[in-house]
Amino acid sequence: MALPVEEWRLCAARRWAALEPALREGLTVASLHDTLRLGCGLLRPEAEVAVLRRLCRRTPAGKEPAAARFYREEGNRLFGRRQYGAAVRLYSQAASHELPDSPEASVCFANRSAALFHLGRFEVCLEDIARAESHGYPDRLLPKVLLRKAECLLCLGRLQDAANALSTVENKIAMDGIMTSPAHQSLLKKLSQLKIKIHEKESCPQPAQEACGDIQRKSEIWEENDSISGASSSLSLNFDMERGRHLVASQDIQPGQNLLKEEAFVSVLCPGESHLLQDSSETAWDTRVTNADLYCHRCLRQLLASVPCRGCSYAKYCSQNCADVAWEQYHRTECSLGALLLTLGVFCHVALRTVLLAGFAEVSRLVEGSHDNDKDLHNPEARCKHPSEAPHARTGTRGIPGCNDNGQYQSSYQAVFNLLPHAEKHSPEHKFLCMLSVVAICRQLQEAGLEAAVLNRESSEKCSEPETCEKTAGELSPEMKIMAEAMLRHVLQLQCNAQAITVMQESGSGDGAVVNKKPVRLATAFFPVLSLLNHSCCPNISVSFSGTAATVRASQPILSGQEIFHCYGPHRCRMRVAERQQLLSQYFFECRCQACLDELESDVKSVVSMRNSFLCPSCRASMQVGEDMLCCSNEACAISVSRESLSCHLQDLQQQIKKALELLKDRKADQAIKMLLKCQMDAGNFLSPEHLLMGEMEDHLAQVYAILGKWQEAARHLKRSIEIVEVHHGPSSVEIGHELLKLAQILFNGFAVSEALSTIQRAEKILSVHCGPQSTQIQELQEMKTCLLELPRSILQRT
């Protein structure tokens with residue numbers, strides 16, 4: 001959720017409407033500095049602050065012992081049902097709510113280690129056992145955990161370490177005295193069995209496993225740009241008044257060539273669907289899994305056994321190192337604000353984290369410099385200067401905003417600060433909402449005694465300015481006003497400059513032989529260099545992500561002198577030009593890319609409209625587009641149907657498909673097939689054969705048949721889906737690459753060796769361009785190819 005929750009937006013709208021007209025008019029035309037000066041006192045304790053406090057109670061982010069007990073008991077229940085993956089998630093939730101260094105937290109880690117052991121994740125299991133020991137795991141239960149440790153070490157082939165762990169258990173048992181209960185006897189039996197296993201493995205050492213080095217990975221040629229950090233030497237940075245800053249090819253570029261590798265200056269995990277609790281005396285703890293449970297809140301790596309924050313229940317990390325670095329850089333300040341930041345949305349959170357990472361000294365320098373620029377904008381002499389001499393461009397020798405004194409454009413706070421906020425183009429109501437939200441964060445930081453941490457000072461340091469010490473209750477200090485102004489700038493920048501970090505996430509149950517994945521927004525970030533790319537509805541690059549790093553590759557040949565274009569969202573293959581223009585209005589420009597110009601100037605009906613058109617229910621000829629009524633293109637038929645009627649029919653069909661997928665999730669594959677086939681027959685009566693929904697149904701049918709192990713049927717349906725996807729997105733698109741990967745999985749499992757190898761080759765060629773030779777998709781394809789090529793020659797000849 002990028003923006004604040006709806007209740008807070010409505011509250012801010014009411015406050016805006018109640019302002020004096022003169023104040024509203026003043027805020028409408030005010031600079032960012034004056035907006036803060038005029039508006040930071042408008043947050044009333046009895047009204048807006050009270051609303052925020054109520055909303056924050058619906059999004060608890062603190063430690064809750066009752067929640068810990070609930071999640072631990074739910075984890076135990078699922079563990080008893082052998083649903084170990086789900087149990088791990090619940091034990092992680094329980095651990096996040098326990099106080100650090102408590103015996104209760106140690107029990108969560110020990111329970112999670114048991115689930116991890118059953119999943120075969122022995123290294124991670126050992127980490128959790130170490131955590132349980134360090135958190136004061138109950139002494140009487142320690143032998144059982146130490147036996148699990150020994151068994152993990154045994155499975156990993158670390159025989160000496162396993163023997164040492166068993167010796168520790170034996171010493172512990174000897175110190176505790178004679179044990180006669182059934183549980184203790186079971187413990188002794190397990191100890192004896194493990195000692196025998198260790199002895200057997202020591203007597204018959206296993207041959208050393210060869211490292212999986214057969215898969216050859218292409219090394220990517222890379223020569224970094226001297227002037228643009230992270231960019232290839234094949235790019236140059238240009239600036240003009242019409243296009244602003246933009247990147248241009250300085251030499252011919254081939255498809256798949258690496259153009260940019262950039263680490264996000266700042267990124268914030270999008271929590272996923274928000275499950276706000278209702279105001280009630282009973283707390284309903286939510287067991288649904290969101291991004292906040294699946295990915296590290298700092299590096300965005302996928303989580304298996306998370307390390308919880310010591311202060312809140314929300315932040316979770318992949319390792320103790322990530323937790324420590326996050327704490328030092330920003331989380332010590334954010335920790336107590338968890339509920340407020342979740343309420344005010346990801347944009348506000350990104351803005352806060354940006355200034356915390358930059359530090360007060362750098363923020364203050366650039367904010368004060370922007371005030372000088374604001375004054376110059378009202379100076380006729382300054383306005384007449386050449387762009388390269390304008391005050392806003394004096395940050396670099398080349399006269400391009402964001403460049404340093406050496407003319408280099410780096411992924412730095414200076415580059416972030418110089419991204420355009422378009423303050424004059426946002427609606428006054430939106431600017432007011434952002435201002436109130438930013439002030440609410442800064443006021444809570446100040447009231448919580450965190451001002452020193454925000455300003456990078458020791459808490460004991462005295463205020464240097466008398467006016468800071470004499471501020472009235474609820475008023476922001478001058479330093480905090482500077483931070484608030486920078487944050488307001490960043491919140492406004494994000495509407496046009498935010499980059500979504502996406503990840504291919506499994507959809508469905510994920511337990512089939514064919515993995516169906518879809519792109520999911522994982523985080524919102526500032527990438528200063530990536531932000532230089534202008535938009536086109538038909539881009540010439542492809543962007544992929546690994547954690548917090550973005551990689552840009554050419555998706556088609558780019559000639560020297562041509563601009564590098566990124567697609568901000570609506571691609572020409574997915575949407576008609578009118579719809580694209582409407583969505584792109586959020587970026588405050590009218591798209592004039594070649595794809596839009598060609599479509600606007602052409603009398604030919606939109607290709608997207610033709611592919612996704614309706615058919616006549618009588619003769620099945622295509623329906624001609626109209627406002628309210630659609631007419632059959634067949635003059636002999638000339639039937640008319642209302643657009644509303646066909647749209648309702650389409651919505652009903654989509655609901656039926658959704659029900660079929662729910663049946664599939666409930667492992668009722670036969671019923672799902674019957675419903676999908678019925679949907680397919682119904683769709684054929686009123687949708688174009690090339691309609692994207694027709695392709696989606698073929699894809700779903702392929703998935704169901706694959707689950708049933710009917711590989712030939714699955715391949716047949718998926719091939720039809722690929723034909724439709726290719727019509728929409730082109731034969732070299734990343735969408736085709738993902739579909740071919742699925743087809744390769746089906747053919748591999750169906751033992752269609754020859755066809756599988758040719759499909760793998762085609763998928764590799766496409767995905768290496770979009771995702772790179774080191775991507776997980778390419779690695780999976782290469783593993784399948786290696787496995788198939790190692791089959792006996794007699795089998796290869798038969799297939």
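**View 1. Helix α31 across strands β10 and β11.** In this predicted model, helix α31 (residues 753-771) lies across β10 and β11 and runs at about 125 degrees to β11. Helices (H or I, at least four residues) and strands (E, at least two) are DSSP runs, numbered from the N terminus. Axes are lines fitted to C-alpha atoms, for helices over the stretch in contact (heavy atoms within 4.5 Å), and angles run from 0 to 180 degrees between N-to-C directions. Residues are numbered from 1 along each chain as its sequence is written, and side-chain values use heavy atoms, with hydrogens and water left out. Because the model is predicted, local features need pLDDT of at least 70 and side-chain atom pairs count only at pLDDT 80 or more, while totals for chains, interfaces and linings use all residues.

**View 2. The open sheet β3-β11-β10.** Three strands form an open sheet in the order β3-β11-β10, with antiparallel pairing; two strands pair if DSSP finds at least two bridges between them. β3 (258-263) and β10 (541-546) are at the edges, each with a single partner strand, so one side of each has no neighbour in the sheet. On average, neighbouring strands of this sheet are turned by 15 degrees against each other, direction ignored. Between β10 and β11 (residues 549-554), the antiparallel pairing extends over six bridges. F545 stands opposite A550 in β11.

**View 3. The largest nonpolar core and the surroundings of Y413.** A nonpolar core is a set of buried Ala, Val, Leu, Ile, Met, Phe, Trp, Tyr and Cys residues joined through side-chain atoms within 4.5 Å, where buried means under 20% relative accessible area (1.4 Å probe, protein chains only). The largest such core has 120 residues, of which W8, L259, L352, V363, Y413, I441 and I564 touch the most other members. Helix α19 (residues 428-447) contributes the largest share, 11 residues. A second, separate core of 54 residues includes A683, F686, V704 and Y705. Not counting residues up to four places away in sequence, Y413 touches residues including F265, T354, V363, A486 and H490.

**View 4. K197 in helix α11.** K197 is found in helix α11 (residues 182-203). This lysine has a relative accessible area of 41% and is therefore partly exposed, the class between buried and exposed (over 50%). K197 touches E151 and L154, not counting residues up to four places away in sequence. The C-alpha atoms of K197 and L159, 38 residues apart along the chain, are separated by 9.7 Å.
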